[in-house]
Amino acid sequence: MDGVDKERVQKIVYEMSKGSKYFENEKRKEATINQKIEDLRAQCVLLTDEQISFYQTVADKRIIDLEASRDLSKTWLHSDMDAFYAAVETLENPSLKGKPLAVGSMSMLCTANYEARKFGVRAAMPGFIARKLCPDLIVVPPNFQKYTYYSELTRKVFSNYDADFIATSLDEAYVNITDICNDKSVSSEQIASELRNTIYEQTGLTCSVGVAPNRLLAKVCSDINKPNGQFILPNDYKAIMTFISSLPIRKVGGIGKVTEHLLRDVLGINTCEQMLQKSAYLCALFSEHSTDFFLSIGLGLGGTDTPQHKLRKSMSCERTFSATEDESALFQKLADIAEALSNDMHEEGLCGRTLTLKLKTSSFEVRTRATSLQTYIHSKEDILAHASKLLKAELPLSLRLMGLRMSQFYDVKPGRHDPMQKTLKNFIIKDASQSTSCSSYSSDQHLRNGANIDPSAAEESCLSKFESGHLMAVCEPEDYQQSNQIAPVKVCRPGNDASGIKDNADECVPQVHADNEGRSNPEESLTNQNGKMLWWIDDYICSVCGAELPQCFIEERQEHSDYHLAEMLQKEESLNNRRGLLQRERPVVSLVGKISPVGDVARKKQKTSKGKFIPIDAFFNRYKKD
Ligand code: DCP
Ligand code: MG
């Protein structure tokens with residue numbers, strides 16, 4: 001937006017969207033954020049000197065630990081194609097060269113070329129507003145086949161540098177160039193130039209590149225000399241700290257509009273360095289994992305290892321003992337099992353969301369009781385808390401075996417997708433869990449882009465809870481594409497995170513999402529008890545049905561996920577009906593009553609899916625009048 005008449009752009013956008021549903025939603029989101037800011041400020045005021053010095057000690061220790069994890073031995077390159085979709089369109093139609101061009105529709109733009117950006121036109125802006133800003137703007141519809149083709153060409157180039165490169169979207173990738181620099185005895189700068197040249201030779205398209213000791217910084221660096229440029233940050237502590245000292249926090253992946261506002265308006269944090277200066281307050285107000293992430297940013301830390309591809313579906317631990325109905329003995333055993341499971345999970349860097357309690361009674365009847373959590377957990381305390389609830393509901397009982405199984409992990413999807421891009425499911429909602437009985441929970445969730453625990457990461461997301469035991473994950477990594485580290489699985493301790501990120505409407509509500517740069521939230525992911533799920537492959541392909549919808553089609557994507565959710569509910573409903581018929585003699589707790597209204601809506605929606613949701617244009621009354 002440098003050199004853009006921002007005031008004019010803001011005025012036009014305001015005038016054109018005023019009164020629209022989108023606008024009202026934005027205002028609601030703003031009000032929620034403001035309320036959170038007020039709450040956090042109030043909490044700050046209540047902090048006593050004693051508490052602040054306590055939190056300072058905690059923060060200092062954490063900083064020492066994080067610093068100890070610093071690894072300067074790796075060199076990461078982040079590549080980002082310039083105005084990708086628009087550049088492809090121009091390549092295929094040279095008459096577009098030099099003209100302001102956007103790809104998308106009158107409802108929403110996916111991207112704009114640099115000529116159009118001078119007018120304030122940008123991704124996720126409705127095309128009709130863009131036209132107002134730039135009357136000569138050419139808008140062409142997206143063609144994903146073309147973009148995928150060119151993306152594949154770039155990926156071939158990346159693979160020559162790093163067989164395990166991480167593609168985060170069609171036009172972005174992280175390449176570990178440590179080995180190639182060493183093997184060829186060439187500088188990272190030379191590799192960066194060479195890679196950019198090769199991409200240009202192979203595709204006719206330009207990209208920008210950042211090189212740094214970790215992915216978080218490499219991503220920041222690739223934006224510095226955009227378009228068609230590169231920036232190298234040396235593997236040097238002093239250079240990193242100087243770089244970080246004045247870096248605005250918003251430039252860092254994982255710090256989106258909401259987090260930026262909270263940190264700035266509550267604690268006066270604008271630059272990465274200030275994270276360290278306010279470390280005590282960060283510890284006091286935010287969860288352990290949020291704080292770790294913030295402090296990591298202050299230290300310029302980020303992901304350095306290539307994520308392991310894991311396929312583990314579940315992890316369990318069970319104990320057999322002489323039959324007993326002594327409740328305190330049973331709870332003690334449960335605590336032991338929870339600890340063992342937690343240790344195992346910790347070793348593998350896993351956090352899970354489905355906890356199953358297995359019981360064998362003294363008469364050898366085996367029961368399983370499971371709970372699907374809205375947070376990913378791994379600590380002994382969290383596991384025990386949920387397991388105890390499950391056990392309590394079964395007592396009194398004489399048992400000879402107890403076991404705990406955790407499933408639905410964050411894990412790394414095999415393949416080229418970046419685990420950090422769509423993973424950090426910081427499932428942070430106040431209502432901690434709901435339990436349901438089941439016999440087996442398969443988890444395909446690990447097949448999503450998963451993550452190892454990495455302190456230096458954050459994207460924010462949440463779960464929307466649906467009735468009747470269904471959970472729909474609405475994942476809202478605020479700045480998913482900016483996120484350049486392996487996302488951690490943030491563990492929610494209810495009541496511990498005062499950030500407001502926890503239940504932030506901005507991140508949680510699957511409505512219109514766009515950050516400052518108009519970046520839409522990319523992922524509406526839904527899962528059911530069979531592990532079915534929806535996410536957006538390469539940012540635009542629906543994993544369930546293959547439909548193509550770019551990120552900026554926010555409403556359309558929401559509608560699409562709603563449709564699949566409804567479809568899933570319908571299936572479940574008919575399954576329950578069938579079960580009801582088959583098992584008439586047994587009392588069946590039917591979910592039908594609860595889900596059928598949704599199912600009905602969905603059925604209608606399926607037929608009229610185009611007309612059911614108001615297209616975004618309709619939200620803009622002005623547009624219609626014009
Ligand atoms: N995209 C989208 N919706 C958005 C943002 C991006 O559909 N809200 C698509 C279109 C872009 C592509 O993803 O061409 C890559 O996104 P980038 O953010 O990298 O944007 P560009 O490559 O277009 O521009 P830049 O030169 O800033 O990288
Ligand atoms: Mg790009």
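Student: Which residues in helix 2 meet which residues in helix 12?

Tutor: The model is a predicted one. On the side of helix 2, the residues in contact are Glu26, Ile33, Lys36, Ile37, Leu40, Arg41 and Cys44. They meet Lys257, Val258, His261, Leu262, Asp265, Val266 and Leu267 in helix 12. Sorted by class, this contact has eight nonpolar residues, one polar residue and five charged residues. Two packed helices are described by the angle between their axes and the distance between the axes. Here helix 2 spans residues 21-46 and helix 12 spans residues 257-267. Their axes come within 9 Å and cross at roughly 35°. The crossing of helix 2 and helix 12 is right-handed.

Next comes the metal site. Ideal angles for six octahedral donors are 90 or 180 degrees. Asp80 counts as buried because its relative accessible area, 11%, is under 20%. Met81 is buried too, with a relative accessible area of 3%.

Ala83 lies in the loop between strand 1 and helix 4. Although Ala83 is not a glycine, its phi is positive, about 40°. Ala83 is buried, at 8% relative accessibility. Ser185, in the loop between helix 8 (178-184) and helix 9 (188-203), also has a positive phi, near 50°. Ser185 is exposed, since its relative accessible area of 65% is over 50%.

Helix 4 covers residues 84-92, and its buried residues are Phe84, Tyr85, Ala86, Val88, Glu89 and Thr90. These buried residues pack against several elements, including strand 1 (76-81), strand 2 (101-104) and helix 7 (144-161). Ala86 has a relative accessible area of 1%. Leaving aside residues up to four places away in sequence, Ala86 touches Leu101, Val103, Thr111, Ala112 and Asn113. The C-alpha atoms of Ala86 and Cys110 are separated by 8.9 Å, and the two residues are 24 residues apart along the chain.

Two peptide bonds remain. The bond from Lys226 to Pro227 is cis, with omega near -10°, and Pro227 lies in the loop between helix 10 (215-222) and strand 8 (230-232). The bond from Leu395 to Pro396 is cis as well, with omega near 0°, and Pro396 lies in the loop between helix 17 (380-392) and strand 12 (399-409).

Definitions and conventions:
Residues numbered from 1 in each chain as written. Chains lettered and ligands numbered in written order. Predicted model: local features only at pLDDT ≥ 70, side-chain atom pairs only at ≥ 80, totals over all residues. Heavy atoms only, no water. Axes fitted to C-alpha atoms, helices over the stretch in contact; angles between N-to-C directions. Helix = DSSP H or I, 4+ residues; strand = E, 2+ residues; numbered from the N terminus. Left-handed = near helix turned anticlockwise from the far one by under 90°. Contact = heavy atoms within 4.5 Å. Nonpolar A, V, L, I, M, F, W, Y, C, P; charged D, E, K, R; others polar. Buried < 20%, exposed > 50% of the residue type's maximum accessible area, 1.4 Å probe, protein only.
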